[in-house]
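Hi,

Here is the structure I promised to pass on.

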Amino acid sequence: MLYPVLPTATPSPGFSTRSNINQLPPEILEPIAQEIFLGLPTKTQQQLDRTLAALQDLSSLNTRWKQAFEPTTLAAEIALATHRLPTGKRLANALRRLAPLGLPLQEPSWKALDVRFDRTARPSVRNTGLKFIENWPQQAPAGMRQSVWDERRDRHLARFTAVALRQSCELMAPLMQVVIESAVPMPLLVDALLGASACTLDNPDVAQALDQHADRMPRWCRSSFQAAMACQRRAASHLPNFSHMLDLLSQIPPRPRSLFLGSMDDRMPFNSPAKQEMQAAIAELPVSHRRTALEKTEAVGWEAARVNMYLASLPADPALAASHLERFLDTFRREKRFCSQAELRALIPVWDLIARRLQGHGTACLMKLLGVFSRNESPTQWHEAMLAKAVAYSQRLPPAQASMVRLAANAVLARHGETRVEEFQLELDGLLRLPPAEIPKVIEALCDPGLRLPSYIFMSSLDHLNGVFNRIPVTMRREAKAPFSRMLDNFTHEERNLIVQQLSIPASYQYAI
C-alpha cells in the first residue's frame, strides 16, 4: 500500500534516533496519522476504504501506535460511515461522534455528507436533520463543561446547516427555532442560516421560515434576520427595489452579506442604476468576503471590473494567491456555462498576473484558464499573444510541468488545422525526454474534462501517443492509460473504437463504449 511522503519530524528531547520505529513518541506519530488521512484521496467510498485500511494497518504495530492513530482512525471510520449508513437517526448519531475531533479531521465527513445528501431525497435529508438537532440539546452531557458544549453545539449545527439546507430548505424553520430557544448566542449557526437564505432567494420554505420566525429571533441577531426577510420579499416582487435591498444588507454580517450581494447582482437588469451601488457595496466588504461575493456573481455589464477587483484582492503570498485564483477561475468553467466575449476579454490580465506574481504556483491556474478559452470561442488575434505568454511561463517550470503547459497551450491556442496538430505532436514527442515516472501526470492533466481539448488533436496523434505510452514502464502503463476513459464520451463511437484499439486501452476502462 502506498502512503504519502511525510514531513521530517524533529525528535523529542531524550529520544534516540537509533530507537526502534515502534518506540516513536505520540508527538511524532499523531502528525503522521493526520498526514496519511488528509494526504490520501478521500472523495469516494473506495478511497476512504483504502485510507482506513492504511491507518488500521499502521495502528496494529503496537499499543503506542494504536493510541496515537486512534483519533484519525475514528475520523476515517465516521467519514466512511457517512457514505454507507441509512439516513436518519443512525447517520445523525455517526456525525455526532465527530464532536471531540479537531476541525481538519472532521472535514472529510462533512464533504462525504455533502455528496450523500446530493443524491438523497429531501424527506430523508429533513429526517436526518431533525435527528441531528435532537442530538444537540441545550444541556451539556454529564462531565462536560457547559461552555465547551455550547461551543461544540454551535459549531456542529452550523456545519451541518451549511450542507443540509442546500438540499432541504424545510430545515430552515427548526434550525431558526434552535437559535430562538438557545440560552447563549450561536453566532456560527446564525451565520450559516443567513448564508443559506442568501443562496435561496426564491425558495418558499426559506421565505416562510423567515416570515414566521424573523421577528422572534434573539435581540442580538434579530435585525439581520429581519433584513434577510425583507430582501426575500423584495426579490420576489415584480419590480424589486435593489437600492433599498442594498441598504438593508448593511445590517447583515459580512459573510452572508457577500452571498446576498452575489445573488442579487445576477437578478439586476443589465442597465440597472443599482449596478454601481452593488460594486461599491462589494468593494466595502472585508477582503476575504469580497472575494466570496465576486466568485458568486457573473457581473453582467461589469465583467472587467469584477476581474480587476478580484485580482487586486489576492494576497501577496504566491501559493495562497494561486489557491484563491483557481477557485475564481472555476466559476468560468461550470457545467453548461459559456462565457461572453466581455468575460473572456476581462480574463486577459490574468495571464500577466500568473506570469508576474504566481511563480511556479500558477501552473494549475494556467491550465484552468486554458480550459476556459478551450470551451469558448474567442477572437484568434488574442491567441498568439496568449500562447507566447504561456510558453514563456513554461520556461520557468520543472520539465514535466513545462511540457504539460506547452501541450495544453498549443492544443488550445495554436492556429487551427495542421499547425495546431503539428505543434501538439512535437510537444508529445518531447515527453520522451522526461523520466518515465513523470509522463503519466502529464497525460492525466491533458485528459482533464475541464480542459476540453478538441478531439481531432488526439485522433491525429494516436501514433505519437502510442510512442509515449511505450516509453512508460509496463507496470505503470495500465494506470497511465486510465485517464483516457474519462474522455471517451467526447468522441464518436468510431473514434472510441479506434482509440481503444490503437492505444490498447484496458477493458476495465472502456465503460464509455
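**The pocket, then the rest**

The largest pocket has a volume of about 570 Å³. A pocket here is an open set of points on a 1 Å grid over the protein atoms alone, where a 1.4 Å probe fits, with protein on both sides within 12 Å along at least five of seven lines; lining residues have an atom within 4 Å of a point. Points are joined across faces, edges and corners, and the volume is the space filled by probe spheres set on them. There are 20 lining residues, and Arg-166, Cys-199, Arg-255, Leu-259 and Lys-296 are the closest to the centre of the pocket.

Before you go further: this is a predicted model, so local features need pLDDT of at least 70 and side-chain atom pairs count only at pLDDT 80 or more, while totals for chains, interfaces and linings use all residues. Numbering runs from 1 along each chain as its sequence is written, and side-chain values use heavy atoms, with hydrogens and water left out.

Back to the pocket. At least two lining residues come from each of helix 7 (146–164), helix 9 (187–198), helix 13 (254–265), helix 15 (287–296) and helix 17 (318–330). Helices are DSSP runs (H or I, at least four residues), numbered from the N terminus. Helix 15 is the top contributor to the lining, with five residues. Sorted by class, the lining has six nonpolar, seven polar and seven charged residues; Ala, Val, Leu, Ile, Met, Phe, Trp, Tyr, Cys and Pro count as nonpolar, Asp, Glu, Lys and Arg as charged, and the others, Gly among them, as polar.

Ala-198 sits in helix 9 and is buried, at 0% relative accessible area. The cut-offs are under 20% for buried, over 50% for exposed and partly exposed in between (1.4 Å probe, protein chains only). Leaving out residues up to four places away in sequence, Ala-198 touches Pro-256, Leu-259, Phe-260 and Ser-263, where contact means heavy atoms within 4.5 Å.

**Charged pairs**

I count 14 salt bridges, each a side-chain nitrogen of Lys or Arg within 4 Å of a carboxyl oxygen of Asp or Glu. Arg-122 pairs with Asp-205, with the closest N and O atoms 3.2 Å apart. That bridge links distant parts of the chain: Arg-122 is in helix 6 (residues 122–134) and Asp-205 in helix 10 (residues 204–213), 83 residues apart. Both ends are partly exposed, Arg-122 at 41% relative accessibility and Asp-205 at 22%.

Asp-202 and Arg-267 form another salt bridge (3.0 Å, N to O). Here the partners are 65 residues apart, with Asp-202 in the loop between helix 9 and helix 10, and Arg-267 in the loop between helix 13 and helix 14 (274–283). Asp-202 is exposed at 58%, whereas Arg-267 is partly exposed at 31%.

Where is the pair Lys-275 and Asp-265, buried or exposed? Both residues are buried. Their salt bridge has an N to O distance of 3.3 Å. It connects helix 14, through Lys-275, to helix 13, through Asp-265, ten residues apart. Shared partners also join Arg-122, Glu-170 and Asp-205 into one salt-bridge network.

**Core and buried spots**

The largest nonpolar core has 167 residues, of which Phe-69, Phe-225 and Leu-325 touch the most other members. Such a core is a set of buried Ala, Val, Leu, Ile, Met, Phe, Trp, Tyr and Cys residues joined through side-chain atoms within 4.5 Å. Helix 22 (residues 399–413) gives the most to this core, with ten residues. Beyond four places in sequence, the contacts of Leu-325 include Tyr-310, Leu-311, Val-350 and Ile-354.

Lys-368, in helix 20 (residues 363–375), is buried at 16% relative accessible area.

In helix 8 (residues 172–181), the buried residues include Met-172, Leu-175, Met-176 and Val-179. Among what covers the buried residues of helix 8 are helix 6, helix 7 and helix 11 (219–236).

**Backbone angles**

Gln-359 has a positive phi near 50° without being a glycine, and lies in the loop between helix 19 (348–357) and helix 20. Arg-452 is not a glycine either, and has a positive phi of about 50°. Arg-452 is in the loop between helix 24 (439–446) and helix 25 (455–459) and is partly exposed at 43%.

Cheers
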